[in-house]
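Subject: Structure for your review

Dear colleague,

Please find below the sequence and the structure that I am handing over to you.

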Amino acid sequence: MVTSLLLAKKLEEDGVRSFTAKEKMTLALGALLHDIGKATIDKNITNKPGKLTDEEFAEMKKHPIHGKVLIRRLRPALETVFGDAVDMNIVEQIVGSHHLRPDGKGYGIDPGVDPIPKKINEIHKALSKESSVEGNIKVTNSGAIIYEHDGKSKTIYGTSKKDDEVVTETSMKTFMAGIENEMSRLCEKKQFVDKLDIHDLVWIVGMADAFDAMISDRSYRLGMHPTKVLKIIEEEKGKQFYAPFVDSFKKIIVDYPIGSIVLFRDGNVGIVTEAEKSGGKCEIVASLFGDIDVVGEERKFTAEEVFIGTRRVNELENALQEKAKPLEGEKIVLAAKDELENFISASINSETLEEILFKIRPDPVFEGSREAFTKSMREEEIER
Ligand SMILES: [Fe+2]
């Protein structure tokens, strides 16, 4: 939710789009509820620590339409609480379409062309009005739907006639689930996704959601560093991300967030303590070549001075291996890696710093060759 609101604020500051108070509230509520449909997906899938199989992902892809159905059910209650302060039609669009993309890919519902036939919509609405999901449903040969519960029966859809024959009898729960499954199936049809008529608040939530997913850690992968995310956002402008909002979006993403590890071109390693758009302030915690005089220094820096920016010590090691192009057979190993990791996760205070420095000082942190490192930096500068 925070990312969506930050983006809206930046769009206003940049003069790209202004928002009424109602739009802001709608955006906040939509962003808060956008993934509500995940509550209906099997917990073994939503909480799976590893990557999803194709089948599991197909199931997961139902969460926008399930969310839209849930919002429809909750709508009377939400309208009671929020009244005119929010536009519930747009909230419904946000929930149902936040995985659609401007290029027509992605998944979810096209709110401009509701793919759910009127009849199914009406049946679903009629079923949703019942206060209980207990009881039975009978469908007659004339298409009437009769609901029986607590010894009472009533026709909730169509008109039942005296000589009607019951062709299907099932529990309310099963019938409701069947209708909702059918709604999901219909919404997956590509033709509905192609005719896009999306409110732009939907794009804001979609962009913010994709960004949050990219930077978040998963059990099977670490979150990406913002510099990499920024590159992807630029590459996906007009494809995954709504082009008119991309420039403002990039402005709210700082290159090196607080807590990032930055390896400078001079071999010093710092932990960012203050973030600015393309740089910030950091505290030097190590030097790749064991130069201790710089450790503990506060340093103001710009993006140009940074050789590698990462979020984890492991990532720094991997990035070095990839970027510093060590000599044949030479593996880059960060000595005192655990200490560095502990230091990063601990709150930054001089006592901890002293303790860590004491451990780091005896040996150089970097075991690759200085020549390989400086050579790779020169090569990279030529590329820039
Ligand atoms: Fe989602």
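This is a predicted model: local features need pLDDT of at least 70, side-chain atom pairs count only at pLDDT 80 or more; totals for chains, interfaces and linings use all residues.

Residues are numbered from 1 along each chain as its sequence is written. Helices (H or I, at least four residues) and strands (E, at least two) are DSSP runs, numbered from the N terminus.

Helix pair. The axes of α1 (residues 2-13) and α2 (residues 21-33) come within 9 Å and cross at roughly 155°. That angle makes α1 roughly antiparallel to α2 (the term applies over 145 degrees). Axes are lines fitted to C-alpha atoms, for helices over the stretch in contact, and angles run from 0 to 180 degrees between N-to-C directions. On the α1 side the contact is made by Ser4, Leu5 and Ala8, and on the α2 side by Lys24, Leu27, Ala28 and Ala31 (contact: C-beta atoms, placed from the backbone, within 7 Å).

Interior helix. Helix α6 (residues 88-97) is largely enclosed by the rest of the structure, because 8 of its 10 residues are buried (buried: 20 or more other C-beta atoms within 10 Å of the residue's own, with C-beta atoms placed from the backbone). The buried residues of α6 are Ile90, Val91, Glu92, Gln93, Ile94, Val95, Gly96 and Ser97. Their cover includes α2, α5 (63-82) and α10 (200-215).

Four-stranded sheet. An open sheet of 4 strands runs in the order β3-β2-β1-β4, with antiparallel pairing (strands pair if DSSP finds at least two bridges between them). Its edge strands, β3 (152-157) and β4 (166-171), each pair on one side only. The twist averages 25° from one strand to the next. Within this sheet, 4 bridges join β1 (residues 136-140) to β2 (residues 145-149), and Ile137 stands opposite Tyr147 in β2. Helix α7 (residues 118-129) lies across β2 and β3, at about 150° to β3.

Five-stranded sheet. The order in this open sheet of 5 strands is β8-β7-β6-β5-β9, again with antiparallel pairing. Its edges are β8 (298-302) and β9 (306-310), each with a single partner strand, so one side of each is left without a neighbour in the sheet. Here the twist averages 35° from one strand to the next. Strands β5 (residues 261-264) and β6 (residues 268-276) are joined by 3 bridges, and Val262 has Gly270 in β6 as its bridge partner.

Yours sincerely

Definitions and conventions: Angles under 35 degrees count as roughly parallel, over 145 as roughly antiparallel, 65 to 115 as roughly perpendicular and the rest as oblique. Two residues are in contact if their C-beta atoms, placed from the backbone, lie within 7 Å. A residue is buried if 20 or more other C-beta atoms lie within 10 Å of its own, exposed if 12 or fewer, and partly exposed in between; C-beta atoms are placed from the backbone.
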